[in-house]
Amino acid sequence: MSNGKPRVLATRHFPPAVEARLATNFDALLNPEDRLYDGPALAKASAGFDGIMCAAGDALNAATIAALPASVRMIATFSVGYEHVDVAAAARRNIVVSNTPDVLTDATADITMLCLLGAARRAHEGATMLRTHNWVGWTPTQLMGTHVTGKRLGILGMGRIGQATADRARAFRMQIHYSNRSRLAPDLEKGAVFHANPDDMLPHCDFLSINAPMTPATAKWVNAERIARLPKGAIVVNTARGGVVDDEALIAALKSGHLASAGLDVFDGEPRIHQGYYELENAFLLPHMGSATVETRNAMGFKALDNLEAFLLRGQTPPDLVKAS
């Protein structure tokens, strides 16, 4: 501790309101240049710190955690997903891990619908036509896309974001199908059709929305075999994690025309995404902006700080403790 306050290392440049509270309540080392730490640099920088406030993409794997100094007692990630943190390795070092659930549901569901609509209505092509001064005026067959209203939407992963996406899709009178680890209660299901086996859902999907977390079971789940089970002309939307999609298979299906288009906000290996996506006019691409509203990013930061303050200032269990499985 310095000046009686626990020391916290911020691995990224966080929103101003979040950094102000972090600097007030802790002896904090901020990162105003938003420089990226690799594993060895992160371990070195955290010497003498009690806590680390990190974000998705930080290299908190087993090797990094093993190299952390003994002073580090907590890792608070500025994200719902925590696949970038080896929770089991942290547990072996008695390092507490927390995340930020329940605050980015609406923002991410909004982006899911933006990706769905953008892909269906060829928004990228239309915007490009205008911005490159190639629009010659309205024609009867110009940029004809896919109708959304009344179509079938399959949702893989019916957690909070999946349910919020379904609520939005119902405004378009879409028929909701879903697959989840367990069936929802009727008041949450709201008439959606449950498929215990997600493969059985695929033939019923004019649109497929990926809202499942990244786990060993979901890694590259959207592969060539499953894409083939989708109806010809279907549209795939992913706002969860890029690793759930096999990029080669998705790109091949977009090129062949089996899929009409895709709307993607997340990518495997981002920001170094598969170069094949840049060549596709029928790929509506966004740079991982699902939670990118002022309100949501502040709420995420305040959640992370709630956890840090509970543990480091008051000696309590963080409200959003992540347990090693």
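**Exercise 1. Find the surroundings of Leu259.**

Task: Which residues is Leu259 in contact with, leaving aside its neighbours within four places in sequence?

Solution. Start with the list: Leu259 touches Ile227, Leu230, Ala234, Val236, Leu250, Ala253, Leu254 and Asn282, once neighbours within four places in sequence are left aside. Contact here means heavy atoms within 4.5 Å. Then place the residue: Leu259 sits in strand β11 (residues 259-264). Helices (H or I, at least four residues) and strands (E, at least two) are DSSP runs, numbered from the N terminus. The cut-offs are under 20% relative accessible area for buried, over 50% for exposed and partly exposed in between (1.4 Å probe, protein chains only).

A word on the model: it is predicted, so local features need pLDDT of at least 70 and side-chain atom pairs count only at pLDDT 80 or more, while totals for chains, interfaces and linings use all residues. Residues are numbered from 1 along each chain as its sequence is written, and side-chain values use heavy atoms, with hydrogens and water left out.

**Exercise 2. Trace the polar partners of Arg226.**

Task: Which side chain makes a polar contact with the side chain of Arg226?

Solution. First, locate Arg226 in helix α10 (residues 224-229). Its side chain makes a polar contact with that of Asp199, at 2.6 Å. (A polar contact is a pair of N or O atoms within 3.5 Å; within protein, one must be able to donate a hydrogen and the other to accept it, and residues adjacent in sequence count only if both atoms are side-chain atoms.) Now look at the backbone: the oxygen of Trp221 is 3.0 Å from a polar atom of the Arg226 side chain. Finally, with neighbours within four places in sequence left aside, Arg226 is in contact with Asp199, Leu202 and Trp221.

**Exercise 3. Pack helix α7.**

Task: What do the buried residues of α7 pack against?

Solution. Pick out the buried residues of α7 (residues 160-170): Gly162, Ala164, Thr165, Ala166 and Ala169. These pack against α5 (105-120), β6 (152-156), β7 (175-179) and β9 (207-210).

**Exercise 4. Step back to the chain.**

Task: How many helices and strands does the chain have?

Solution. Count 12 helices and 12 strands. For burial, 48% of the 325 residues count as buried. As for contacts with a separation of 6 or more, 61% join residues 24 or more positions apart.
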